[in-house]
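Let's take a walk through this model, one local feature at a time. Have the viewer open and follow along.

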Amino acid sequence: FVDSEPCGEVAARGVTDGPDEDLDKMSGMILAALAVASKRVQIVSPYFLPDDAILGALVTTALRGVEIDIVLPEKNNIPVMDWATESQLPLLLEKGCRIHRTPAPFDHTKLFLVDGVWALIGSTNWDARSLRLNFEYNLECLGEEFGSELDEVIQRKIAAARPVTQEELANRSKFVQ
């Protein structure tokens, strides 16, 4: 047991998702959060292969002028995931999203922060397997102080990462290595 001081107020609730009565609950939360974002969206995910609805919502959110940062590992632990993910990145870059690749070790963090106050933290990845087939559990959190702390974590990840460019994606190999 470790003594700790309170670190501020945060409202939180657990959210289940799975291929049963909770089907599409997490997708709905992601879409709703993107729809109401007004300033900034920050996504950290090891597996990023959003379906057409979420991809469209990301594009629409960016076109509304909301800043979007997507933080992904430099090298995925599943090589084909890098290959699949990279097919969606040119569109996101073209619409104004910023994409960052973090160096090793492989980062399995899953964070979604909207406007620095609303966050989703848990087991859900931004891919169809996680959103449609897996049983997942996340915490939905609301609080400025907590959001600020999460923003600092994400900013440290971005500072250590490298930006992904359109040129890099245009010159990538079509073969998975």
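P105 sits in the loop between strand 5 (98-102) and strand 6; strands here are DSSP runs of E with at least two residues, helices are runs of H or I with at least four, and both are numbered from the N terminus. The peptide bond joining A104 and P105 is cis, with omega at about 5°. Next, look at D115, in the loop between strand 6 and strand 7. Its phi is near 55°, a positive value in a residue other than glycine. For background, most residues other than glycine have a negative phi, and most peptide bonds are trans. D115 counts as partly exposed because its relative accessibility is 22% (buried is under 20% relative accessible area, exposed over 50%, partly exposed in between, with a 1.4 Å probe and protein chains only).

A quick word on ground rules: this is a predicted model, where local features need pLDDT of at least 70, side-chain atom pairs count only at pLDDT 80 or more, and totals for chains, interfaces and linings use all residues. Residues are numbered from 1 along each chain as its sequence is written, and side-chain values use heavy atoms, with hydrogens and water left out.

## Strand 9 and its partners

Strand 9 (residues 136-142) pairs with strand 1 (residues 11-17) in the antiparallel sense over 7 bridges; DSSP has to find at least two bridges for a pair to count. In this pairing, D17 stands opposite E136. Strand 9 also pairs with strand 7 (residues 118-122), again antiparallel, over 5 bridges. There, I121 has L139 as its bridge partner.

## The nonpolar cores

The largest nonpolar core has 33 residues. By core we mean buried Ala, Val, Leu, Ile, Met, Phe, Trp, Tyr and Cys residues joined through side-chain atoms within 4.5 Å. Among those with the most contacts inside it are I30, V41, F48 and F112. Elements giving two or more residues include helix 1 (25-36), strand 2 (40-44) and strand 4 (67-73), while helix 2 gives the most, with 6 residues. A second, separate core of 9 residues includes C141, L150, I154 and I158.

Which residues does I30 touch, leaving aside its neighbours within four places in sequence? They are I54, F112, L120, W126 and L131, where contact means heavy atoms within 4.5 Å. V41, over in strand 2, counts as buried because its relative accessibility is 0%. Beyond its neighbours within four places, V41 is in contact with residues including L34, T61, I68 and F112.

## Helix 3

Helix 3 (residues 79-86) has M81, D82, A84, T85 and E86 as its buried residues. These pack against strand 3 (48-49), strand 4, helix 4, strand 5, strand 8 (126-127) and helix 7 (166-170). To place D82 relative to V41, the two are 41 residues apart in sequence and 22 Å apart in space, C-alpha to C-alpha.

## Cavities

How many cavities of 30 Å³ or more are there? The count is 3, taking a cavity as a set of points, on a 1 Å grid over the protein atoms alone, where a 1.4 Å probe fits but cannot get out.

Key: 1 Å grid on protein atoms, 1.4 Å probe; cavity = no way out; pocket = protein on both sides within 12 Å on 5 of 7 lines; lining within 4 Å. Points joined across faces, edges and corners; volume = space filled by probe spheres on them.
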